[in-house]
Amino acid sequence: MAELYPTSLKLSELKVPPSAGERYLLDRLSNTLSDDFEVYFKPVFNGEVIDVVVLRKGCGVVLITVRDWNLREVTLDDDGQWADPVAGEPLIAPNQQVKGCKWNMFNLHISGLVEKAALNENFQKVVHPFVFFYQSTKQDINALCGPVEETMRQGRAQLIGQHKKKEINDQKYKEP
């Protein structure tokens, strides 16, 4: 059983207790992973907070952002902008948030890691970002993300075709 920080008993005493999704994930991780894993809830890295962090010495770090959103009530446009149309508010893209935490780990929190990653791309695999959508099915995620992924695939295919036909130069092809 993985070590949980804070312990299960102390989680209920926190000023802001875990959400249902966070609680489910913490229970699942702590009961499923072996003793050589450490699971942290809401650790703070120089003021930056991530929902769940899983560590295993000699293997790496997993960063997990947990969302209890009903994905049937969320929209995602072709530009990757998330929104809650019921509340009429934009949402912070959870995938971008957790990827940002990963790069901050490299650039700010773990000394020397960015240099090692620049020399050997395998060091980028030391930190893995994930998003956990509590009570969402694969069909919910596909319904939300599928159309955007298809638009991106078509755009990429069009760009590759233009480059092959020399309709655009290398510089334009490599632009983000």
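Let me start with Trp69, which sits in the loop between β6 (60-67) and β7 (75-76); strands here are DSSP E runs of at least two residues, helices are H or I runs of at least four, and both are numbered from the N terminus. This is a predicted model, in which local features need pLDDT of at least 70, side-chain atom pairs count only at pLDDT 80 or more, and totals for chains, interfaces and linings use all residues. Residues are numbered from 1 along each chain as its sequence is written, and side-chain values use heavy atoms, with hydrogens and water left out.

Back to Trp69. Setting aside neighbours within four places in sequence, Trp69 is in contact (heavy atoms within 4.5 Å) with Val74, Trp82, Leu91, Ile92, Pro94, Phe133, Tyr134 and Ser136. Trp69 and Gly21 are 48 residues apart in sequence, and their C-alpha atoms are 9.4 Å apart in space.

Elements giving two or more residues to the lining are α3 (94-109), β10 (127-133) and α5 (138-164). Which of them gives the most to the lining? That is α5, with six residues. By class, the lining has nine nonpolar, four polar and four charged residues. In this scheme Ala, Val, Leu, Ile, Met, Phe, Trp, Tyr, Cys and Pro are nonpolar, Asp, Glu, Lys and Arg are charged, and the others, Gly among them, are polar.

Asp51 is in the loop between β4 (48-49) and β5 (52-56), and Glu22 is in helix α2 (residues 20-32). Why do we call Asp51 buried? Because its relative accessibility is 9%, and buried means under 20% relative accessible area, exposed over 50%, and partly exposed in between, with a 1.4 Å probe and protein chains only. Glu22 is buried as well, at 7%.

Both side chains have polar partners. A polar atom of the Asp51 side chain lies 2.7 Å from the backbone nitrogen of Val66. For Glu22, a side-chain polar atom lies 2.8 Å from the backbone nitrogen of Ser19. The side chains of Glu22 and Lys42 are joined by a polar contact of 3.1 Å, that is, N or O atoms within 3.5 Å, one able to donate a hydrogen and the other to accept it, with residues adjacent in sequence counted only if both atoms are side-chain atoms.

Last, some backbone geometry. The peptide bond from Tyr5 to Pro6 is cis, with omega near -10°. Pro6 lies in the loop between β1 (3-5) and α1 (8-11). Gln135, in the loop between β10 and α5, has a positive phi near 60°, and is exposed at 66%. Lys166, in the loop between α5 and α6 (170-174), has a positive phi near 65° and is exposed at 70%.
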